[in-house]
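Here is a friendly walk through a few structural labels and the cut-offs behind them.

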Amino acid sequence: AAPTPPPEEIQGIQIATDAYVAYQHADCETVYRLTQPDVIDALQATELRYSLRLARGFCQELDGDQPAARQTYRRVIDEGPSSFAAEDARERLRILD
């Protein structure tokens with residue numbers, strides 16, 4: 001059997017799932033609540049953390065706050081340059097430029 005992830009990882013997965021479902025429904029208020037910087041910073045530096053930051057950036061972009069979105073995308077790239085999220089962040093920056 002596969003090892004069970006630690007509780008904080010399970011919680012992080014649940015938060016990420018909830019955040020992306022909210023984003024799909026353009027519910028950025030929920031995305032912002034779920035992706036508070038202190039919540040994200042408390043997570044281990046993993047793909048999960050970068051994905052949560054990315055969801056926040058998507059909503060900032062959706063809300064028309066391009067400077068905040070750019071800053072968020074850059075942070076994803078700085079924190080996890082080889083992550084899947086960083087690849088998406090680079091693409092969003094290219095599109096915004």
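Q: Leaving aside its neighbours within four places in sequence, which residues is Ser-83 in contact with?
A: Ser-83 is in contact with Glu-47 and Tyr-50, once neighbours within four places in sequence are set aside. Contact here means heavy atoms within 4.5 Å. A word on the background: this is a predicted model, where local features need pLDDT of at least 70 and side-chain atom pairs count only at pLDDT 80 or more, while totals for chains, interfaces and linings use all residues. Residues are numbered from 1 along each chain as its sequence is written, and side-chain values use heavy atoms, with hydrogens and water left out.

Q: Why does Ser-83 count as buried?
A: The relative accessibility of Ser-83 is 6%, and buried means under 20% relative accessible area, with exposed over 50% and partly exposed in between (1.4 Å probe, protein chains only). Ser-83 therefore counts as buried. Its place is in the loop between α5 (66-79) and α6 (84-96); helices are DSSP runs (H or I, at least four residues), numbered from the N terminus.

Q: What does the side chain of Ser-83 reach?
A: The side chain of Ser-83 reaches the backbone oxygen of Gly-80, at 2.7 Å.

Q: What makes Gly-80 count as buried?
A: Gly-80 has 5% relative accessibility, so Gly-80 counts as buried. Gly-80 too has its place in the loop between α5 and α6. Not counting residues up to four places away in sequence, Gly-80 touches Tyr-50 and Ala-86.

Q: How do you know that α1 and α4 are parallel or antiparallel to each other?
A: Two packed helices are described by the angle between their axes and the distance between the axes. Helix α1 (residues 7-24) and helix α4 (residues 47-62) pack at about 20°, with axes 10 Å apart. Axes are lines fitted to C-alpha atoms, for helices over the stretch in contact, and angles run from 0 to 180 degrees between N-to-C directions. Angles under 35 degrees count as roughly parallel, over 145 as roughly antiparallel, 65 to 115 as roughly perpendicular and the rest as oblique. Helices α1 and α4 are therefore roughly parallel.

Q: Which residues of α1 and α4 meet?
A: On the α1 side, Gly-12, Ala-16 and Tyr-23 are among them, and on the α4 side the list includes Leu-48, Ala-55 and Phe-58. By class, this contact of α1 with α4 has 13 nonpolar, two polar and one charged residues. The classes work like this: Ala, Val, Leu, Ile, Met, Phe, Trp, Tyr, Cys and Pro count as nonpolar, Asp, Glu, Lys and Arg as charged, and the others, Gly among them, as polar.

Q: Why is Gly-12 called buried?
A: Gly-12 has a relative accessible area of 0%, so it is buried. Gly-12 is found in helix α1, and its contacts, leaving aside neighbours within four places in sequence, are Leu-43 and Leu-48.

Q: What makes α4 and α5 parallel or antiparallel to each other?
A: The axes of α4 and α5 come within 8 Å and cross at roughly 165°. Helices α4 and α5 are therefore roughly antiparallel. By class, their contact has seven nonpolar, three polar and five charged residues.

Q: How do you know that Arg-53 is buried or exposed?
A: Arg-53 has a relative accessible area of 4%, so Arg-53 is buried. Arg-53 is found in helix α4 and touches Ile-40, Asp-41, Thr-72, Arg-75, Val-76 and Glu-79, not counting residues up to four places away in sequence.

Q: At what angle do α5 and α6 pack?
A: α5 and α6 pack at about 145°, with their axes 8 Å apart. The residues making the contact include Tyr-73 and Ile-77 of α5 and Ala-86 and Leu-93 of α6. Their classes divide into eight nonpolar, one polar and four charged.

Q: Is Ala-26 buried or exposed, and why?
A: With a relative accessible area of 53%, Ala-26 is exposed. Ala-26 is found in the loop between α1 and α2 (28-34).

Q: What is the phi of Ala-26 near?
A: The phi of Ala-26 is near 55°, a positive value in a residue other than glycine. Most residues other than glycine have a negative phi.

Conventions
Helices (H or I, at least four residues) and strands (E, at least two) are DSSP runs, numbered from the N terminus. A polar contact is a pair of N or O atoms within 3.5 Å; within protein, one must be able to donate a hydrogen and the other to accept it, and residues adjacent in sequence count only if both atoms are side-chain atoms.
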